[in-house]
Amino acid sequence: MHFTLRRLAARCLLVAFAALPACPALASPETPAERDARMAWWREARFGMFVHWGLYSGLAGNWDGQPVATKGGMEWLQKIVRADSTAYSAAALPLFKPAPDFARAWARLAKEAGCRYLVFTTKHHEGFALHDSAVTTFDAGSVLNRDLVREIVEACRAEGLRVGFYHSVIDWHHDQYDFPRAKGLPHPLEKSPELAGVRDHSRYVDFLHAQVDELVSNYGAVDVLWWDFSSKDFQGDVAWRATELIAKVRAAQPGIVMNNRLYAASTVHGAADEHKEFDVSRGDFSTPEQRIPDNGLPGVDWETCMTLNTTWGYSEHDHAWKSPRTLIRHLVDIASKGGNFLLNIGPRADGSLTDETIASFRAMGDWLGTNGESIYGTTAGPFSRPLPWGRATVKGSSLYLHVFDWPADGRLLVPVENTTASAVLLAAPDLLIPVSRAKEGLWLSLPAAMPDPSATVIRLSLDGAAIEVR
Ligand code: GLC
């Protein structure tokens, strides 16, 4: 019997497949409490490392010896230069030479940076699988005689990190991926549909399911499945047999957390009332891309994914690095709105990282080393109006004030009704900050100089949950 079916049957203590719909774990949705328990680690984690790494990494933003662009996603290179898979792999495969211990360096940096999880590309749109796959020869097992997924998973576990798989449902390599039919989804040959020949998309979907089966069956516990992506015209059951795929993954990995990109979601690029369309049966969390929603996504689990420069995959031409201060403030901004931050690295083909990448993640780690309690396990700040000086997060009766703009007169207004027990800087917890009550809230008297120009954090211990002055 098929492996996942066997697991399903075992879970339900059933002998007959026909009786499966009676299995409560499958037929009835999980209760809100069960869902909260499953989501707990992810909600507390707040900060993860994203990794885009594949054949495009070796091309490094070049094609035929010429730079393709200095900005934008260079993991899209094959599509940008409109190369078919044969030309693309002929150019890219010889350049993809992972060093022996590359994954340990990623996992160590993630750990040092204070990331709690790492999500990496098991396969991007180009179609090259980083695992040792039995259903294709376009994989690391066949080409390099290595299982890079296993190497990365083991390195993450050694550092105590949760690990997740980004997996592209778009596939520019598979000969049955029916790109002329996949309206709204890109393909390198989309301008030449006559080159498609006769394709049977259901055979591609069989292949997609088979590879996902391998990934969720052969590497122990997988914490996240990060699908990418769908369009309004081509999504869900029609495009990927999504209901079946989700059920299969959940049966093999009952604790897994999945994003909702097997379906098109306006949250990716933003829309009014974007949180209202969220549907938990389509995935656990929403994925604003390169953006932080103005007011978070109330009632929805969400994770902003973002690049350090402007590309996900490595390019030697993109020098538009965000500063560590910007990245720290993004993490704070996201946490203050109740979201997670998945910050991307684009390693080179050998797995090595740019100096800017290492420096930025270390700076995040330094800041979190002092201020981590104001991020991990917190929830969104209680304020309905923006704070003129920064952001706030909450944990129990602690209100964390993240000051971006230090008041020139040293007086900081916190618009809460509560009385306070104490206020301290996380960077100097022994030094009490004087607090006085007024009608408009609590006034804090701060030291003259801002101790940390990225974001200085004050822990305000209140008499109970913070109540905003209205
Ligand atoms: C987009 C891009 C892709 C990247 C992803 C990350 O969907 O296609 O290159 O992997 O966003 O969010």
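Strands β5 (residues 162–168) and β6 (residues 224–228) run parallel and are joined by five bridges. The model is predicted, so local features need pLDDT of at least 70 and side-chain atom pairs pLDDT 80 or more, while totals for chains, interfaces and linings use all residues. Residues are numbered from 1 along each chain as its sequence is written, and side-chain values use heavy atoms, with hydrogens and water left out.

**Sheet and helix**
- Tyr166 has Trp226 in β6 as its bridge partner.
- Seven strands form an open sheet with parallel pairing, in the order β7-β6-β5-β4-β1-β9-β8; strands pair if DSSP finds at least two bridges between them.
- β7 (257–258) and β8 (303–306) are at the edges with a single partner strand each, so one side of each has no neighbour in the sheet.
- Helix α10 (residues 201–217) lies across β4 (117–123), β5 and β6, at about 170 degrees to β5.
- Helices (H or I, at least four residues) and strands (E, at least two) are DSSP runs, numbered from the N terminus.
- Axes are lines fitted to C-alpha atoms, for helices over the stretch in contact (heavy atoms within 4.5 Å), and angles run from 0 to 180 degrees between N-to-C directions.

**Ligand surroundings**
- The ligand has 13 residues around it, of which His52, Glu75, His124, His125 and Glu289 come nearest; a residue counts if one of its heavy atoms lies within 4 Å.
- A polar side-chain atom of Trp76 is 2.9 Å from a ligand oxygen atom.
- For a side-chain N or O atom of Asp228, the distance to an oxygen atom of the ligand is 3.1 Å.

Conventions
Polar contact = N/O pair within 3.5 Å; in protein donor to acceptor, adjacent residues only side chain to side chain.
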